[in-house]
Amino acid sequence: MPHAQHLNALDQISASLAALDTEIGPVKLSGKVTQVSAEAIKVSGLSKLVCLGDLVEFEGRTGIRQGEIIRLDEKDVVIKPLERVTDIGIGNTASVMGGLAIHPDMSWRGRIINALGQPIDGAGQLVHGVEAFLLDRAPPPAMNRSKITDGVKTGVRAIDLFTPLCVGQRVGIFAGSGVGKSTLLGMLAGFGDFDTVVVGLVGERGREVREFIDDILGETLASSVVIASTGDESAMQRRLAPKTAMSVAEYFRAQGHKVLLILDSATRFAHAARDVALAAGEPPVARGYPPSVFADLARLIERAGPGHSDEGSITGIFSVLVDGDDHNDPVSDTIRGLLDGHIVLDRQIADAGRYPPVNVLKSTSRLAGRAWTKEQQELIHRIKGLIAQYEDTKDLRMMGGFQTAGDDMLEKACRLVPKIYEALRQNPDQVLPADPFGELAQALAADR
């Protein structure tokens with residue numbers, strides 16, 4: 001009987017351990033707060049147990065607070081809270097929760113969420129999917145991506161004619177404040193052959209978020225997921241919102257969807273990333289921007305585009321708020337080099353009342369050759385030549401110092417370019433499936 005008694009003792013020990021585990025619950029890695037400032041919190045006891053980007057929970061006086069680890073030292077870790085907190089003091093407990101992740105689901109279409117993947121539309125709790133999508137996912141390997149081959153019509157004549165887009169392309173809309181980029185983004189979101197639209201609103205005014213959803217998205221919301229982080233929220237949440245939007249878009253791409261991702265704006269993401277990097281102790285190197293800001297921009301943008309051969313694609317449209325209308329500031333210059341094309345909105349064109357105010361001479365699509373036919377490409381090049389000649393001589397002609405008589409090309413440009421400009425004029429409610437080249441031909445032929 002010794003063998004039976006031994007087995008019985010083992011069973012009793014196992015039962016005791018199981019009961020103890022149930023009673024205690026899961027064990028959390030914890031540390032203590034040693035320093036609190038307006039920008040960050042230091043915690044001791046976690047340095048050898050955590051990684052950059054891990055989520056940490058604090059036991060504040062009025063509830064649980066969260067933060068992200070942004071720096072590791074030998075004895076302390078530096079944590080940036082996800083919201084501005086005033087109820088965390090020295091000695092408070094900080095527990096590690098792991099990497100930041102969301103669990104998207106097909107039922108998220110039609111919902112509005114915040115940077116942490118929590119619903120803010122009052123429509124009930126979200127259904128969580130099985131797979132976890134980290135907010136800092138790595139881009140797909142370059143050699144595993146599908147090739148970009150198919151063009152897509154946006155319904156915006158100025159874009160479909162001069163800067164045509166392809167499925168899986170990443171393009172930027174560069175504009176100063178108040179030039180009309182949000183209206184153009186709404187026109188692009190409401191039309192096109194896309195299965196799902198993901199919209200990331202970063203650092204927007206609260207009023208503009210509601211107006212964009214109700215007035216600009218409208219019925220498109222049913223097939224869209226909106227991630228909103230307003231300007232009054234912390235830099236951490238404004239930095240996380242684009243990553244959350246990208247993770248949601250990656251989920252739908254993995255389901256085989258053709259996804260349109262609209263991020264407004266990449267500049268505000270860069271501003272938030274700068275605030276976080278400076279709080280982590282990084283030195284500013286380019287007009288106040290630390291080096292990690294440009295690395296974060298590259299990593300975020302590279303996550304868009306085509307996926308594996310058995311997946312869908314993410315067509316990314318990133319708005320870039322040009323500070324002081326300076327298109328060569330560090331953020332604008334970096335993003336322009338990372339994208340597959342850029343659309344420039346001109347304040348002078350907007351002041352003239354011509355919307356959308358796309359400057360066709362300064363805008364380009366690096367994949368336009370895959371959307372145009374050879375005849376269309378030749379036609380656009382000739383039209384751009386006429387527009388360039390018209391604009392280059394405009395000031396002299398206005399002063400009477402340049403005569404068109406005797407110059408057949410200039411005379412042709414002065415006759416046709418105003419008609420071309422008028423044909424490009426388009427209201428938001430005029431985004432309809434059509435043949436832009438046919439419409440342009442009709443406009444030019446109507447006044448012969």
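Start with how the chain holds together: of its contacts with a separation of 6 or more, 71% come from residues 24 or more positions apart. A contact here means heavy atoms within 4.5 Å.

Before going further, a word on the source: this is a predicted model, where local features need pLDDT of at least 70, side-chain atom pairs count only at pLDDT 80 or more, and totals for chains, interfaces and linings use all residues. Residues are numbered from 1 along each chain as its sequence is written, and side-chain values use heavy atoms, with hydrogens and water left out.

**Confidence and overall build**

pLDDT is the predictor's confidence in each residue, from 0 to 100. The chain averages 88, and 92% of the residues score at least 70. Among its elements, helix H1 (residues 2–24) has the lowest mean pLDDT, at 55, while strand S8 (residues 111–113) has the highest, at 97. Where pLDDT is low, the predicted coordinates should not be read in detail.

In all, you'll find 13 helices and 19 strands in the chain. These are DSSP runs numbered from the N terminus, with helices being H or I of at least four residues and strands being E of at least two. The C-alpha atoms fill a box of roughly 115 × 50 × 40 Å along the principal axes.

Of the 448 residues, 49% count as buried. Buried means under 20% relative accessible area, exposed means over 50%, and partly exposed is in between (1.4 Å probe, protein chains only). The accessible surface comes to about 21500 Å², and carbon and sulfur atoms own 51% of that; the areas come from the Shrake-Rupley method with a 1.4 Å probe.

**Charges and salt bridges**

The chain carries 48 positive and 58 negative charges, and their mean positions are 3 Å apart. Lys and Arg count as positive, Asp and Glu as negative, with His and the chain ends not counted.

The structure holds 20 salt bridges, a salt bridge being a side-chain nitrogen of Lys or Arg within 4 Å of a carboxyl oxygen of Asp or Glu. Here are some of them:

| Pair | Closest N to O |
|---|---|
| Asp340 and Arg170 | 3.4 Å |

Take Asp340 and Arg170, joined by a salt bridge. This pair links distant parts of the chain, 170 residues apart: Asp340 sits in the loop between helix H8 (330–338) and strand S18 (341–344), and Arg170 in strand S12 (residues 170–175). Asp340 counts as buried because its relative accessibility is 16%, and Arg170 is buried too, at 10%.

Arg303 is buried at 2% relative accessible area, and Glu250 is buried at 3%.

Glu422 is partly exposed, at 47% relative accessibility, and so is Arg425, at 33%. Elsewhere, salt bridges that share partners join Arg205, Arg207, Glu208 and Glu211 into one network.

**A buried charge without a salt bridge**

Asp76 lies in strand S5 (residues 76–81). Asp76 is buried yet has no salt bridge, and the nearest side chain of opposite charge, Lys42, is 4.9 Å away. Leaving aside residues up to four places away in sequence, Asp76 touches Thr34, Lys42, Val43, Ser44 and Ser47.

Methods:
The place of a charge is taken as NZ of Lys, CZ of Arg, CG of Asp or CD of Glu.
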